Amino acid sequence: MTAPDAAEVIAALRRRDGWHWAEALPWLAAIAFFLVLPDYAVLGTTILITILFALSLDLILGYAGIVTLGHAAYFGAGAYATGMLSAHLGWGEPLSGLAFGGAVAGALGLATGWVLLRYHGLTLLMLTLATAILLQQLANTAEPWTGGFDGLVGISIWPLLGMFENDLWGHTYYWYALAVLAFCFLLVRRLVHSPFGRTLVGIRENPLRMQAIGVPVHRRLVTAYALSAALAGIAGALFAQQAAFITLDVLSFARSGMVLIVLVLGGTGRLYGAFIGAAVYVALEDELARISPEFWEFGIGLVLVLVVLFFRGGLLGAADGLRHRLRRAGR
Amino acid sequence: MTAAISILFDGLAYAMLLFIISVGLSVTMGLMGIVNLAHGAFAMAGGYATVTLMNGLGVPFIPALLGAFLVVALASVPIERLLYAPLYRRSELDQVLVTIGLVFMTIAAITFFYGPSPPSIEVPAFLAGQVDLGLRTVPAYRLFTIGLGVALILALWLGLERTLVGARIRAAVDNRDMAQAVGIRVDRLFVTVFALGSGLAAMGGGLAIEIVGISPTFAIQYLVFFLIVVAVGGLGSLRGAFVAAILLGVTDTAGKYLWPAGGGFFIYAAAVAILLLRPAGLFGREQAR
């Protein structure tokens, strides 16, 4: 065995970080979905928002290895920030509202992450969970601003770019959500393939060793956490703009659990897991929950157990395994 | 003054309920280091088992509680062997996910068989009324819960401190590898502890019907409280779980009495503050990682 040549290593890294033709598929699928099923644009928008939310979680869970039970805190913070900006201050311009939601959630992520990420294991799990519930209780108590238990009403969003009113079928917002997702995705993809992204993976695999070779572990984790919170906030802001009504549900433990399930179902630490997971989860929920909510809930629980025990890589991981086996059989 | 006594009394009854349900979780998490989010589901299953035993089979209340203990304790053994055993060496994320999956399945099954609305039972006459304690009268049911909680902590304390099995459990909580090295069958021990803890949770679920009420969402709604008791008390600490349950039970009750609109806030703020200051909980040991 000889050590690999530096040029070879760099070439291999380039190949891995470069674009693969298959990466066009989700976007083509998103466009095809609209062309084939324009009546399902609202459901499609829900899928796109869920993808963005799961993608934000993938950045910290899949890459940096931070397990959180309270990611809905940032989704909800973004949703409430954007909603309150419109309902109380009368500012309904969509893009700046989105940026505002992301900024508020990002600032919250920076502040909470700076404190929480000093802890590990069960303590960290409990702290993320308790922080999200604390925020939900706070929103419940601050009724004059948030509408409390009854939800925040009076959100009114202006036409996109001053021209495109959201129509009754939600067609405009489908393209809006797709554009926002594409923008955020490019950002995350660039990030995880950058040296910064590589150090996150290093921290996930061995924080002590990363510390020893001079990586500022805590600072890197907090940065990733704040970025992830901002993205989750943008997803929440999109949700608030689309629904024009939000309740305390956006901050709930159930939502934190849901996004975790979506990501694991698709596959963690591989960006596209969020796409597959969200599409499968939201579409199945829409179909099955209509037939029988209990059946759906039981099914998702069972699938989760089976995925974790037998298909650790999620749907994409299982697809990879199948492809490898086929290739070996073909030779 | 009257209000203070009511708060203390109701708070203590609530605290005992939290303790009875959470103590098993504390010991199992301390013993195997497994994050078990399905513990609330065991409690809920116990509550519904009590309902079926009483309303369906006509069993009186106290035997029904013991029945719920037995049913859930026995059912938890195959669940532990099949679902939990493969998880001991896996990551926290995997443990979180499998146990959340279990919670979903339990909630769905319970909703399917019992419907979404909270069931009711008829408690025996001697628990239904008020008891005169001399200074003032108190609800008999709450007094019974407090008495049961105190009796259980004494029994558990004696069992843990004065028996061979207790000594083995303590040794395994302190250092699993070392305990294994001196010949303690930790996995076999764990099955016993797991069944006992699930059974206690089930009994707590039965008790909860008349205190906080149960419904299919009980497993998630109260899970956070059980986890807080465990985390704040410190993993595997009997004393910790007891103190944390009293702290949280009384704080929560007081908060809800004094400031109904925002009272739910205090318990989480207190939990976050305690965990920030003492990451391993009040009575937990800092574990080398």
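This tour moves through a predicted model with a chain A and a chain B, one selection at a time.

Before selecting anything, note that residues are numbered from 1 along each chain as its sequence is written, while chains are lettered from A and ligands numbered from 1 in the order in which they are written. Because this is a prediction, local features need pLDDT of at least 70 and side-chain atom pairs count only at pLDDT 80 or more, whereas totals for chains, interfaces and linings use all residues.

**Where the chains meet**

Show both chains and look at the side of chain B that touches chain A, where 36 residues of chain B are in contact with 31 residues of chain A (two residues are in contact if their C-beta atoms, placed from the backbone, lie within 7 Å). On chain B, select α4 (92–114), α11 (223–233) and α13 (264–277), each of which supplies at least two residues of that side; helices here are DSSP runs of H or I with at least four residues, strands are runs of E with at least two, and both are numbered from the N terminus. The most comes from α4(B), with 16 residues.

**A helix pair in chain B**

Next select residues 2–32 and 140–162 of chain B, which are helices α1 and α6, packed at an angle of about 40 degrees with their axes 8 Å apart. Axes are lines fitted to C-alpha atoms, for helices over the stretch in contact, and angles run from 0 to 180 degrees between N-to-C directions. The two helices are therefore oblique to each other, since angles under 35 degrees count as roughly parallel, over 145 as roughly antiparallel, 65 to 115 as roughly perpendicular and the rest as oblique. Among the residues that meet here are B:Phe9, B:Met16 and B:Ile20 in α1(B), with B:Arg142, B:Gly149 and B:Leu156 in α6(B). This contact divides into twelve nonpolar, two polar and two charged residues.

**A helix pair in chain A**

Move to chain A and select helix α3 (residues 41–63) with helix α11 (residues 217–243), which pack at an angle of about 170 degrees with their axes 8 Å apart. That angle makes α3(A) roughly antiparallel to α11(A). The contact includes A:Thr45, A:Phe53 and A:Ile60 of α3(A), and A:Tyr225, A:Leu231 and A:Gln242 of α11(A). Its residues divide into 16 nonpolar, four polar and no charged.

Still in chain A, select helix α1 (residues 6–17), whose twelve residues should span 16 Å at 1.5 Å a residue and whose end C-alpha atoms are 17 Å apart, which agrees; the expected span is 1.5 Å times one less than the number of residues. The number of buried residues in α1(A) is zero, so this helix lies largely in the open. A residue is buried if 20 or more other C-beta atoms, placed from the backbone, lie within 10 Å of its own, exposed if 12 or fewer, and partly exposed in between. Helix α2 (residues 25–36) of chain A also has twelve residues and reaches 16 Å from its first C-alpha to its last, and α2(A) is hardly covered, with a count of one buried residue.

In the loop between α11 and α12 (253–266) of chain A, pick A:Ala244, where phi is near 55 degrees, a positive value in a residue other than glycine. With 17 C-beta neighbours inside 10 Å, A:Ala244 counts as partly exposed. Then go to A:Leu271, in the loop between α12 and α13 (272–291) of chain A, which has phi near 60 degrees, a positive value in a residue other than glycine. A:Leu271 is buried, with 22 other C-beta atoms within 10 Å.

Return to chain B for B:Pro216, in the loop between α9 and α10 (218–221). B:Pro216 is buried, with 25 other C-beta atoms within 10 Å, and, not counting residues up to four places away in sequence, it touches B:Ile107, B:Ile110, B:Thr111 and B:Pro116. Finish on B:Pro116, in the loop between α4 and α5 (125–128) of chain B, which is exposed, with 12 other C-beta atoms within 10 Å.

Notes. Nonpolar A, V, L, I, M, F, W, Y, C, P; charged D, E, K, R; others polar.
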